[in-house]
Amino acid sequence: MMDKPVNNRAWFLVLPVLIVVAFSAVIPLMTVVNYSVQDTFGNNQFFWNGLGWFQEVLESDRIHAALGRQLLFSAIILAIEIPLGIFIALNMPKRGFWASLVLVLMALPLLIPWNVVGTIWQVFGRVDIGLLGHTLAAMGFDYNYVNDPVDAWATIIVMDVWHWTSLVALLCYAGLQSIPDAYYQAARIDQASRWGVFRYIELPKMGGVLLIAVLLRFMDSFMIYTEPFVVTGGGPGNATTFLSIDLVKMAIGQFDLGPAAAFSLIYFLVILLISWVFYTVMTAQRETP
Amino acid sequence: MARITLDNLAHSYSPAPKGDADWALKPMSLTWRDGGAYALLGSSGCGKTTLLNIISGLLHPSRGQVLFGDRDVTTLPTADRNIAQVFQFPVVYDTMTVRQNLAFPLKNRGLPADRIAARVASVARMIGMEDRLDRRARGLTADAKQKISLGRGMVRQDVNAILFDEPLTVIDPQMKWELRTQLKALHREFGHTMIYVTHDQTEALTFADEVVVMSEGRVVQAGTPQSLFDAPAHTFVGYFIGSPGMNLLDAQIAGATAFVDGTAIPLAAPYAPSAGRVQIGIRPDAVRPATEGLPFHLVRVEDVGHHRILRGEVAGTPFNVVVPEGEPIPAGFDRIALDPARIGVFVDDWRIEPRERAA
């Protein structure tokens, strides 16, 4: 038997990583933690406030409402973009010139910066000069995203679907491309229906990428800020004030650093929690023997 | 179940085939008897799988017809042909249990639940997975998955034929033997027409009543394993079947004598003179060391247990001699004698018959 030498100095080798992570994540986060437990009356003088800010945030009707809107928004986004993305991926050409062309077209929306997307739709939806808004108005629809909360929501949802469904479709497409032909041939031999092929071959094989798509779309939609900020600015009223918009109003508009810091931490934990639930549920269902 | 007839069948993957090379399958006509066990044997890329996919309807041939019995099925989709096929690599439905996998083809055909349960139970016994029926198929080993694929191929009793596309590639050797024996037993029991694609001659010869040998998109010979061994119709069959394969030597033929590099070799019967490249072929076990005859240059001796293989050269061409166990190898011998009755004559790679039999 060979004795393995034990040398704790090996831990020093981890030091560079610790330093990088400290500067990139831990220290900025601790700054926020620091603000969240203190109060100030200016002059850079801080007082210990314990969990007061957290309590205030957790009891705030305003933040509850924003959280409700945020959850509703993410739920609608996932409910539209995931099935639509799968549907598009299933119908994309598998190879040849058209496959390349479709891939490029699908990737285009993903290349546009968030604020530009917001600007595009802000103009596009305007009743006076926007193609969409003007056309709808001309057709007799009472559409106006500036005044009507439902129209504002519809505009932001359509915009997000336009911007991000491609991502889901491309991920699913990659998953579909990796299925060997023999699976489809076996399904034909077994006389599986089109639904059977989807349910028992395509969907299980897409499982991995679909998990990534759901997580990415959830996190991204739950943190959405720029597009609604550009299009509606959170309005009309507070109708499209999502968590990030509310947070920025609180931190920068009102300069309430303490509550904003507590809010940030809770926000972060909520995203972490929901992502963990998604991940656990989706992988558990895949791994049950 | 039905007889399978391929009538003047040819296939090309390119839409406008030009040369010979564009045809994956050159025109062929074959009949497969109802209930026969057939093997399609050939090296990789010779068109075996293409032929199989045409029979199952996964591919539609560029030319010719496929008949099941008297029914033309050339353009029928796979689902309407009632064929079972097992592929080279395991195909299982990941999210289903082993039981659901086996039941899937029956369920899609709307069989009553009690019939399904009975069939699944008997197939599970056959592939030896009764104890794992309620496990999910995901996460099983490759050979367990392939057993499920085999089971799915065999679960339907009313199929026209069961096609196997090198199904035992991923199975380990011992299991391979066992499964092949089971397939054979299954064939005897239910009498399905079975077509088994392989590049392994042992597999083909042990499984099939009739072996179809393919080379470069052509059927070069179809016959019983014995006839392929004794009278290969083409030099390819000669050296592809048998281990080591047939020895082939360039020769000139004059009546009942062949001349190899100036040495006269008696043949069993006279042959008509023919134009083209003439070769004589002989199995290594029909040759023995001798004191006179064809000069042989011995390179090395391989002992493979129940016999020894003498590797050497005749007139610059590799040549093998098989010496049975217990028979001494004479020291320093440099000649070999060929059994005249077992010499075949090939012109441009195709076997020709002696004069009187041909007439």
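This is a predicted model: local features need pLDDT of at least 70, side-chain atom pairs count only at pLDDT 80 or more; totals for chains, interfaces and linings use all residues.
Local features are reported at pLDDT of at least 70 and side-chain atom pairs only at pLDDT 80 or more, whereas totals for chains, interfaces and linings use all residues. Residues are numbered from 1 along each chain as its sequence is written, chains are lettered from A in the order in which they are written, and side-chain values use heavy atoms, with hydrogens and water left out.

**View 1. The interface of chain B and chain A.** Contact, meaning heavy atoms within 4.5 Å, links 25 residues of chain B with 19 residues of chain A. The two chains bury about 2,000 Å² between them, 53% of it on carbon and sulfur atoms; buried area is the accessible area (1.4 Å probe) that two parts lose on being put together, summed over both. Eight residue pairs, both members at pLDDT 80 or more, are in polar contact across this interface. The elements of chain B that give two or more residues to the side touching chain A are α1 (48-56), β6 (83-86) and α2 (98-108). Helices (H or I, at least four residues) and strands (E, at least two) are DSSP runs, numbered from the N terminus. On that side of chain B, 12 residues are nonpolar, seven polar and six charged. In this division Ala, Val, Leu, Ile, Met, Phe, Trp, Tyr, Cys and Pro count as nonpolar, Asp, Glu, Lys and Arg as charged, and the others, Gly among them, as polar.

**View 2. A salt bridge between the chains.** The side chains of Arg152(B) and Asp190(A) form a salt bridge, at 2.8 Å from N to O. The term denotes a side-chain nitrogen of Lys or Arg within 4 Å of a carboxyl oxygen of Asp or Glu. Two salt bridges are found across the interface of chain B and chain A.

**View 3. The largest nonpolar core.** This core has 83 residues, and those with the most contacts inside it are Leu6(B), Trp32(B), Leu40(B), Leu51(B), Ile55(B) and Ile195(B). Helix α9 (residues 194-222) of chain A gives the most to this core, with 12 residues. A nonpolar core is a set of buried Ala, Val, Leu, Ile, Met, Phe, Trp, Tyr and Cys residues joined through side-chain atoms within 4.5 Å. Buried means under 20% relative accessible area, exposed over 50%, and partly exposed in between (1.4 Å probe, protein chains only). Not counting residues up to four places away in sequence, Ile195(B) touches residues including Ile4(B), Tyr38(B), Leu52(B) and Phe164(B).

**View 4. Arg217(A) in helix α9 of chain A.** Arg217(A) counts as buried, at 1% relative accessibility. The side chain of Arg217(A) makes a polar contact of 2.7 Å with the side chain of Glu81(A), and another contact of this kind, also of 2.7 Å, joins it to the side chain of Asp160(A). A polar contact is a pair of N or O atoms within 3.5 Å; within protein, one must be able to donate a hydrogen and the other to accept it, and residues adjacent in sequence count only if both atoms are side-chain atoms. Beyond four places in sequence, the residues in contact with Arg217(A) also include Ile77(A), Leu78(A) and Trp164(A).

**View 5. Backbone features of chain B.** A cis peptide bond, with omega about -5°, joins Ser243(B) and Pro244(B). Pro244(B) lies in the loop between α8 (235-240) and β11 (247-250). Asn8(B), in strand β1 (residues 4-12), has a positive phi near 55° and is partly exposed. Glu216(B) has a positive phi near 45° and is exposed, with a relative accessible area of 61%.
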